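Reader: I have a structure to look at. Can we go through some of its details together?

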Amino acid sequence: MIKKIISGGQTGADQAALDVAIKFHISHGGWVPKGRKTEDGMLPFKYQMDEMETGDYKERTHKNILDSHGTLIISYGELTGGSKLTQSYAKVVGRPNCYIDLEKMEAYETAIMVRSFLLENQIQVLNVAGPRLSNFSSIYMDVKIILESILYLLFLESHPDSFLKEYVPSEPIQESFPISVDDAVILLQNDLSLKTKSFMAKFKSQDVHMLYFVMLDYIRHRLGFDTQNTKLLKQCRKLLEDETGTIEDAVMVILKQLKTQLEADHLLRVVT
């Protein structure tokens, strides 16, 4: 499994990669130009990045390649500008690189190809690059979907989900759905057996992706996201501070809060 995702912090592909890392509790980082500059202004501090002493984008590109085991470049058509420079740098310094042309490949096909690239080169620190948002408006969501698909494939390979299925409760008939995150957490808690609650409470935070992939469909159905529970989705987006957050993002928000509550209620505390 990837242990760290880094990028240059620019809008578009770079920030999509960082947001996936944050969502899945994967360590993230990378170098950004002096002043944390992006085309939209200063990069928000939710991104834990290292700041260069220079504002030169080329220097931070070079540094990120050197600080990773390999670079994934996702774009459309022939590479230009910073993406082309990234590929050139990677070749010069002898670091593995993989270019995905989304004009020629679909997302799932891409995920399979990148999975092979990661495994063949034993990449644990992945540098992700691609165009900024102003050049391709769909790049953010495309990169996000691809990276999450890759994580799912890696999860299936290393952790077949059958051993977790016993912890997923059967889904009762639901006539109405919760419209707040707090109510959603309470509903899910009531569904879970004591065995499942204890199991989830003890689960390591860095492995939350395992719980997510196994329980995604159950939570999505149980909370009515599949039938347009827009009020709950809106509240999750508010917590994410992202008006474009997906249903899958909302599931992770609720799952993390559920796990936090279970940790408080079901982990034994040793008093000394």
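Reader: Is Gln122 buried or exposed?
Author: This is a predicted model, so what follows is computed from it. Gln122 has a relative accessible area of 65%. The cut-off for exposed is over 50%. Gln122 is therefore exposed.

Reader: Where is Gln122 found?
Author: Phi of Gln122 is near 50 degrees, a positive value in a residue other than glycine. Most residues other than glycine have a negative phi. As for its place, Gln122 lies in the loop between α4 and β9.

Reader: Is Arg36 buried or exposed?
Author: Arg36 also has a phi near 50 degrees, positive in a residue other than glycine. Arg36 sits in the loop between β3 and β4. Its relative accessible area is 5%, and buried means under 20%. So Arg36 is buried.

Reader: What is the angle class of α6 to α8?
Author: Two packed helices are described by the angle between their axes and the distance between the axes. The axes of α6 (residues 181-191) and α8 (residues 208-222) come within 11 Å and cross at roughly 120 degrees. That angle makes α6 to α8 oblique.

Reader: Which residues of α8 make the contact with α6?
Author: The crossing of α6 and α8 is right-handed. From α6, the contact uses Leu187, Leu188 and Asp191. From α8, it uses Tyr218, Ile219 and Arg222.

Reader: How many residues of the contact of α6 with α8 are charged?
Author: The residues divide into classes. There are 4 nonpolar and no polar residues. The charged ones number 2.

How values were computed. Residues are numbered from 1 along each chain as its sequence is written. This is a predicted model: local features need pLDDT of at least 70, side-chain atom pairs count only at pLDDT 80 or more; totals for chains, interfaces and linings use all residues. Side-chain values use heavy atoms; hydrogens and water are left out. Axes are lines fitted to C-alpha atoms, for helices over the stretch in contact, and angles run from 0 to 180 degrees between N-to-C directions. Helices (H or I, at least four residues) and strands (E, at least two) are DSSP runs, numbered from the N terminus. Angles under 35 degrees count as roughly parallel, over 145 as roughly antiparallel, 65 to 115 as roughly perpendicular and the rest as oblique. A crossing is left-handed if the near helix is turned anticlockwise from the far one by less than a right angle, and right-handed if clockwise. Contact means heavy atoms within 4.5 Å. Ala, Val, Leu, Ile, Met, Phe, Trp, Tyr, Cys and Pro count as nonpolar, Asp, Glu, Lys and Arg as charged, and the others, Gly among them, as polar. Buried means under 20% relative accessible area, exposed over 50%, partly exposed in between (1.4 Å probe, protein chains only).
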